[in-house]
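Q: I am new to this structure and would like to learn how to read its features one at a time. Could we go through them together, with the general idea before the particular case?

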Amino acid sequence: RQFGLSQPLVLQLLEQLPSVEKCSRHEFHYHNPAKLSSWQEVRTTLNPTGSARSEKYSGIRSIPDMFSFLMSDHRPSPPDIDQEALEMAILQAECQGNNQRQGQNDLPVAMRYRNCQRTYKESVNVFQSRIHGLGLFCTQDIDAGDMVIEYAGTVIRSLLTDKREKYYESRGIGCYMFRIDNDDVVDATMSGNMARFINHACEPNCYSKVIAVDGQKKIMIFALRRIVPG
């Protein structure tokens with residue numbers, strides 16, 4: 001006791017000293033040399049250099065996907081489709097005919113755009129799609145003619161599109177671009193928003209339109225008919 005051997009902390013430190021395995025009559029409580037030596041042998045077999053960081057990777061690397069986190073099973077599932085509400089929305093669209101693109105909001109375009117920028121995250125979200133990979137889903141009712149979301153990104157010249165597309169393909173990155181006009185293209189690959197995940201469909205419920213806000217051209221996605229969650 002006078003050396004403090006009854007204290008757990010002192011005993012723990014002593015059991016870590018070199019050549020402690022020679023104390024054959026001591027009963028180890030914290031660091032068993034026999035178990036430690038076997039673990040070191042396994043570690044030496046797995047990592048001959050002594051450290052995994054100093055060894056060359058010999059496996060096959062998967063193609064990087066910067067949106068893989070959106071495919072996680074821990075994310076919530078898309079809202080269930082209300083079949084009755086969906087049939088009613090389709091019926092309303094058929095009754096409206098050519099007038100289905102007439103928005104019910106008479107506010108100026110710039111005001112509608114700013115309101116959409118503030119509220120679009122409440123109306124749509126990205127989930128796994130049955131059509132292709134990821135898709136943009138509606139999370140609350142959207143009326144016909146309403147602005148859904150802006151196709152945002154970096155505006156580049158049309159001459160740069162082929163060069164950027166080849167660069168993205170060489171890095172295994174999916175390319176997301178949308179043409180504004182003959183001169184400019186929106187590149188949403190690295191700096192876009194959820195609109196990049198909109199999938200094509202034979203019976204679409206949205207359409208795109210270029211609008212002008214404060215002298216700048218914006219690609220907006222409008223609801224072609226009433227859209228229900230799901």
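**Reading the features in turn**

A: Let us start at the surface of this model, which is predicted: L5, V10, L14 and L17 together make a nonpolar surface patch of about 310 Å².

Q: Where is L14 found, and is L14 buried or exposed, or something in between?

A: L14 belongs to helix α1, which covers residues 8-14.

Q: How many disulfides does the structure hold?

A: A disulfide is a covalent bond that joins the sulfur atoms of two cysteines. In this structure there are 0 disulfides.

Q: What is the order of the strands in the open sheet, and which strands are at its edges?

A: Strands of a sheet pair through backbone hydrogen bonds, and they may do so in a parallel or an antiparallel way. Here an open sheet of 3 strands has the order β4-β6-β5, and its pairing is antiparallel. The edge strands, each of which pairs on one side only, are β4 (154-157) and β5 (177-179). On average, neighbouring strands of this sheet are turned by 30° against each other, direction ignored. Between β5 and the antiparallel strand β6 (residues 184-187) there are 3 bridges, and R179 stands opposite V185 in β6.

Q: How many salt bridges are there, and which residue forms one with D214?

A: Side chains of opposite charge can pair when their charged atoms come close. The count in this model comes to 4 salt bridges. One of them joins D214 to R114, with the closest N and O atoms 3.0 Å apart. This pair links distant parts of the chain, 100 residues apart, since D214 is in the loop between β7 (206-213) and β8 (216-223) while R114 is in helix α4 (residues 109-123). D214 counts as exposed at 63% relative accessibility, and R114 as partly exposed at 38%.

Q: Why does the salt bridge of K217 and D181 tie together separate parts of the sequence?

A: The side chains of K217 and D181 meet with an N to O distance of 2.8 Å. Because K217 lies in strand β8 and D181 in the loop between β5 and β6, the pair ties together parts that are 36 residues apart in sequence. K217 is partly exposed, with a relative accessible area of 48%.

Terms used: Residues numbered from 1 in each chain as written. Predicted model: local features only at pLDDT ≥ 70, side-chain atom pairs only at ≥ 80, totals over all residues. Heavy atoms only, no water. Patch = residues over 30% accessible without salt bridge, like charges linked within 9 Å, V, L, I, M, F, W, Y side chains within 5 Å. Areas by Shrake-Rupley, 256 points an atom, 1.4 Å probe, with all protein chains shown as cover. Helix = DSSP H or I, 4+ residues; strand = E, 2+ residues; numbered from the N terminus. Disulfide = S-S within 2.5 Å. Pairing = 2+ DSSP bridges. Axes fitted to C-alpha atoms, helices over the stretch in contact; angles between N-to-C directions. Buried < 20%, exposed > 50% of the residue type's maximum accessible area, 1.4 Å probe, protein only.
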